[in-house]
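Subject: Structure handover

Hello,

Here is the structure you are taking over. My notes on it follow below the entry.

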Amino acid sequence: ASNKTIRDFHEFELWHKLLQYGLSPSGEWAMWRIQAAEKTDTLFVRHIASGKEYKYKNTSAPEFSKDSHWIVFSEPAGENAAAGIAYQVKLVCLANGEEQIFRGMESFTFTNDSKHLILKGVNTENAVELNLYDLEKKRVKNIANIQEYTVDPTGKYLAYTLKTEKGLSNSLEVLELNDYRLLFLENDKNGYEKLKWTDHGLLFMKMLSDSTGQKQGREIHVVRNIGNRQQVCCFAAEAWADFPANMKISEYYTPQWSADGKKLFFGIAPKRYQGKSRAEVTADVDIWHWKDQEIQSRQKNRYYLNRSRTYLCVWWPEENRWRQLADSSLFDIAGISADGAFVLAVDDRPYRPHYRELHRDIYVIQTETGKRTRLLENTILSASFSREGKYVYYFKNKNWWAYDLAKEEYINLTAQVTTGLSDIYYDGPIDIAPSFGIAGWLKEDKAFWFYDEYDIWSVEPATLKLKRLTRGREDKITFRKFQRGVLTPGCNLLLRATGDDGASGIYRFDPKGHHRPLLYGPFGTLRLEQSADKKTNLLGWADNITAPELFVCDENLNRLQQLTHTNLRPPGFIFRKSELIRYKNSRGKELKGALFYPVNYREGQSYPMIVHIYEKLSQHLNDFVFPSASDLYNTMNYVLQGYFVFQPDITYEVNRPGESAVDCVTAAVRQVLKREDIDPARLGLIGHSWGAYQTAYIITQTPLFAADMQFLFGHLRVNGFWEITPQKTADRHQPFMGKY
């Protein structure tokens, strides 16, 4: 190890950190942020084909317009900071670099049609205002005293609420953004809230009050076809004879549409006393009752959560009818099917108070009739609707099940699978191990894709036709869906591959099963940003000795152009790749650990080693860690100071976390000490939070470690934290961590 006891941390300047990066929808422009020496950062914006580049200092939240003609971001206000404005927004025309600055703006976004930039901020009078910037005509429309706003999906219209200076009344307005023509106007002293614009129209709530000014509920309003045969629908409680007299439309539930726009779901809640708030009422006595469903302390902690609970209802605006779906027996809603035909509800009351897992019954409610069917009884499982809402699916008895909502039949989807679908690596304190997860449902719910330990499987619920889509088990490579979002099998679908040896990469999915590796090896960071047509990609690539670099790649991830050069270390620093260490605990369970070599490692020399623990860390084998002057657990800091760093995995027996940690960590350390280049008298142990508990426990059970450091809930504790020199004499001890 280095003999220096005080470090200047110049090593931090040897790498530049790649932060955020992105690609314009057209794939023509790339942007990325680079941080130097843990201080300043720079935003780079480059035209990939020509190399034309812009640079901006200390930016945040950069965003491309959807037509790829503009970029906008926040930056320090500079000279304007003296006026109390810390940040400003800068808009840049990518074609010519022309800049437009907006001061006092705190948030911004482009409309979907890329014709306007909408900026929200606070003016000099500390009032919220909205600036609408027309990107074509280069003009600004300012609207002051804004409360809420929403833009329609096409980007043509803007709806917003205004508040008067005295705060006595609100108004709701809708503008056509092309010419700022007012299309819709409403005024009401009680105000409006929850503005939401979807493909099915503008949705908002109008607040109500009684003669004394006390809030008494809300009305739901829907405005459709604004600018063309405008239609307005309203749901008001007093208009329905069957609306419960003790209920009101709840402010805690934001109404949502079914996919076809035929059904609108909303919540109702009991009317409550409008006098003093709970915080203003002082109680001298707590009453505990043996029949309470929740203990008193939990009742207090969940008071406001319980107050905000609502009973789900559904409204058919076109048919002028509604139905209450949930009540005090079923008010926890777990999901709504895409078509709005069914709702999942949960009842945990029969199993209160809960002492371990949350047990409950799960019901399916038919929205058209209100019919309730108990799907699962006394379960800790969760259930979800399939993509199109034809099935409810869940994991039970180590299998995936589906409930056919039309036929009212249960289907074991995976009875034919013999490889095991329960996560054998899960060691949490619950009675039922979870599954390995799912990739999703295909269009029209034709097939369900799920995972075992290594592979992706497909099953058709209608025929139970089963197929293993990948062949990872044979090579111990785990395949998972790479992209987020809707599952669409085809040549554009990418798979993430992770090997048992720590390698990782990306494969291209082939419907015929001939999946092709695009990139696979001992890599750490692998993140893609794709253009709209998927033909241009930005790839962030790294391993444990190479800081993340950014590359422009084609659709097959061939690296065409390197955009960044973050690795600036001089030739005097020689790094060695990390190594995977395999070992077994006393129960014979096979485990892994990541071993990182000290800088300028020499064969035959003996080095001290720091063991860093927190559950499982071997997955970081190929990750690059930037050195940091403020991170107590920074792997690179220790490596640069001449230490081995070892991160072993720990697997737990329920109710024996401390003993499990001792078992796994000691087995791991004894295995790595067989190397003979690690000094067994100079071993340090560190852990944070849960790792700190294990550190504190382990040092009372084994003499392996010369020193330990714990950081538990904000308190640093150091025990015997000294470096023991090779002479191992009492008078030659030095501080183990130097400056730390």
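Glu99 is partly exposed, at a relative accessible area of 38%. In this predicted model, its side chain meets that of Lys90 in a salt bridge, 3.4 Å from N to O. Lys90, in contrast, has a relative accessible area of 9%; the cut-off for buried is 20%, so Lys90 counts as buried.

Lys90 also forms a salt bridge with Glu75, with an N to O distance of 3.2 Å. Lys90 belongs to strand β7 (residues 87–93) and Glu75 to strand β6 (residues 70–76), so this pair ties together parts that lie 15 residues apart in sequence. Here both residues, Lys90 and Glu75, are buried.

The count of salt bridges comes to 37. Another one of them links Asp134 and Arg139, whose closest N and O atoms are 3.8 Å apart. Which of the two is buried, and which is partly exposed? Asp134 is buried, with a relative accessible area of 4%, while Arg139 is partly exposed at 30%. There is also a network: Glu193, Arg218, Lys248 and Glu251 are joined into one by salt bridges that share partners.

Next, one of the sheets. Four strands form an open sheet with antiparallel pairing, in the order β9-β10-β11-β12. The edges are taken by β9 (105–110) and β12 (139–144); each has a single partner strand, so one side of each is left without a neighbour in the sheet. On average, and with direction ignored, neighbouring strands of this sheet are turned by 20° against each other. Between β9 and strand β10 (residues 116–122), which run antiparallel, there are 5 bridges. If you want a residue pair to look at in the viewer, Phe108 has Leu119 in β10 as its bridge partner.

What is the C-alpha to C-alpha distance between Pro608 and Tyr643? The two are 5.4 Å apart in space, although 35 residues separate them in sequence.

Finally, the totals for the chain:

- Secondary structure: 5 helices and 54 strands.
- Burial: of the 740 residues, 50% are buried.
- Contacts: taking those between residues at least 6 apart in sequence, 45% join residues at least 24 apart.
- Surface: the accessible surface is about 36,400 Å², and carbon and sulfur atoms account for 48% of that.

To go back to the charged pairs for a moment, Lys90 is the residue I would open the file at: its side chain meets Glu99 at 3.4 Å and Glu75 at 3.2 Å, both N to O.

Regards

Terms used. Residues are numbered from 1 along each chain as its sequence is written. This is a predicted model: local features need pLDDT of at least 70, side-chain atom pairs count only at pLDDT 80 or more; totals for chains, interfaces and linings use all residues. Side-chain values use heavy atoms; hydrogens and water are left out. Helices (H or I, at least four residues) and strands (E, at least two) are DSSP runs, numbered from the N terminus. Buried means under 20% relative accessible area, exposed over 50%, partly exposed in between (1.4 Å probe, protein chains only). Contact means heavy atoms within 4.5 Å. Accessible areas come from the Shrake-Rupley method with a 1.4 Å probe; for residues, only the protein chains shown count as cover. Two strands pair if DSSP finds at least two bridges between them. Axes are lines fitted to C-alpha atoms, for helices over the stretch in contact, and angles run from 0 to 180 degrees between N-to-C directions. A salt bridge is a side-chain nitrogen of Lys or Arg within 4 Å of a carboxyl oxygen of Asp or Glu.
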